[in-house]
Amino acid sequence: MSSGKPNWDTAAAFAEMTEKMVKAGKLLSAIKDEDVDVGATPKKLVMRRDKVELFRYEPLAAQQVKTPVLLAYGLIGRYTMADLQEDRSLVRSLLARGLDLWLIDWGQPNRTERWLTIDDYVDDYIHAAVERICRETGHDKITLLGICEGGVFMTCYAALHPDKVKGLVLTITPIDFHADHDDPDTHHGFLNLWTRSLERADIDRLVDTYGGLPGEFMSSVFSLMTPMRSLTKYNVDLIDVVDDEARLMNFLRMEKWLADRPAHPGEAAKQWLKDLYQDNKLVKGEFTLSGRRVDLSNLTAPVLNVFALNDHIIPPTCSRALGAHVGTRDYSEIELPGGHVGLFVSSKSQGSLSKGISEWLVARDGQ
Amino acid sequence: MAEESPANPFGPIAAQWMESWRAMIGAGKETGSTWSNSMLPFIMKRATESGFGMSAGNDLAEAIERMAKGPRLADMLDFDRKLAQLTMAWNELQSKLAAYHVVAAKPWMRAAEQFGARTPADTAKDAGWREQIGAWNQLANEELIANQRTGEFLAAQKDLLHAATELRARQSEIAEIIAGVFGIPTQRDFDDVTRQLTELRREVRALERRLGTRGDAASGASA
């Protein structure tokens, strides 16, 4: 109960918050959409196939690694996470280390892409991109760099087309979709648990009704994983950054990336959720694409597997499982502190990720 | 064991009237369910279209007339049936939403209990408003995450998702009927077209690969 005396500390804190909220409102109204640029590192469009585009990044340093590297993100979210802003960009860091970097951008899939399968993404779009890069550069093999679901696509491609792959670099990539059981951290693996709790018929019905896996729906599932963080983002967190222009712009770029979540193509979503998350077919050697079984022991090129120790979306145990299945002896792991997104966008991880990847590539470039 | 129902405070006549009312509602529900789930609407539509066997046999002229005039009695009955299903789906969603909220509210209550039961030392440690919010966030976060992993929560959200998808599917059915009346392509038509387009692309690209031609060269673009 109130003692009747005014609590000056609380009143002062309230006044401070109010002042900051007003300031935040003024600042945000002055910032235009084009001011919050993501994925801005210069690149050249080389090929367009349906909505999928292949880009080649403009070099930022003398070439240190001759073999071209093709970067692919997954279909949940956009590649811009790897190129959020100038000082938080895996893309820029790799270019600064002399890589010839290429990018597949899946574009903005919608109901038109309802019938596309992972088979199409791996055996058509990635394959066409690899062939194009080989023709443009004169190489007969390239290195693949996959992020999250993009890492699964790259893994499948490398297993099905080993003759085209000089090296495979995976970051935060799930391989054993049931290995969340081995992760003792209860903050990890909700996505695995949630997907397994769904009825197969409900997944089909959801995808058939919406023509895909709606991006906003997946966003809400991700928000569940960090519940209080999701609730305090637009009040306490925003107030914390509003005094600092650099932090505010970083906050807004993250928000822009989070909001840019196209629908996951329908049939590919069914494969992702049922074949992989529920049935764990990849690690069982039962996953088939274009009528061919994806055999992980066909991964004969060198493999680098990078994962984040505090990844609540893809538990590290799910990524680490790859080591037991590859066919190559040249298998390496880099475990880094941080979370699923933080690995790419936090100031702390900048440098360590690109350093690990580029050193691994340099060591194998001449072989 | 059947429980003995308590005497109606408004007397035996009121009790009899209420029982009759309950029976009537039950019968109405059963009729609605029979209508919604049976072949009855379909057969009614077919029968109405054929004039219940009483027409003069000029089927072609009638069909043309029907195409021009749009829905008739049986179509409207079918539309009613779909509207009823939409309402049922909406009711189902509300019920699942309520059940979900009950499960989702539990961790908040547990967190509030724990927050209220903190020792004076802990309270003194978190004196400022930021510290208070931080302590609350930490407690609530742990409780929410723990709750999300329970079978009860997963079942509630699965039921909610099922109900929401069902409602959306029923809405699409209504939209398709309206679009059909006005000759506007439906979502189903769009899905058919995109399916054919996707399959056609696959065939063309498979052919290109067999012939050794490079399909991407034609569609390639330079910035």
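**View 1. Helix α8(A) packs against helix α6 of chain B, residues 129–148**. The two helices pack at an angle of about 145 degrees, with their axes 8 Å apart. Axes are lines fitted to C-alpha atoms, for helices over the stretch in contact, and angles run from 0 to 180 degrees between N-to-C directions. Helices (H or I, at least four residues) and strands (E, at least two) are DSSP runs, numbered from the N terminus. This is a predicted model: local features need pLDDT of at least 70, side-chain atom pairs count only at pLDDT 80 or more, and totals for chains, interfaces and linings use all residues. Residues are numbered from 1 along each chain as written, and chains are lettered from A and ligands numbered from 1 in written order.

**View 2. Residues where α8(A) meets α6(B)**. α8(A) contributes A:Pro227, A:Met228, A:Thr232 and A:Val236. From α6(B) come B:Ile133, B:Asn137, B:Ala140, B:Asn141, B:Leu144 and B:Ile145. Contact means C-beta atoms, placed from the backbone, within 7 Å. By class, this contact has 7 nonpolar, 3 polar and no charged residues. Ala, Val, Leu, Ile, Met, Phe, Trp, Tyr, Cys and Pro count as nonpolar, Asp, Glu, Lys and Arg as charged, and the others, Gly among them, as polar.

**View 3. The side of chain A that touches chain B**. Here 33 residues of chain A contact 30 residues of chain B. Elements giving two or more residues to this side of chain A include α1 (8–30), β1 (43–49) and α8 (227–241). β1(A) gives the largest share, 5 residues. The side divides into 15 nonpolar, 8 polar and 10 charged residues.

**View 4. Helices and strands of chain A**. Chain A has 14 helices and 14 strands. Its C-alpha trace spans about 80 × 50 × 40 Å along the principal axes.

Technical notes
Contact = placed C-beta atoms within 7 Å.
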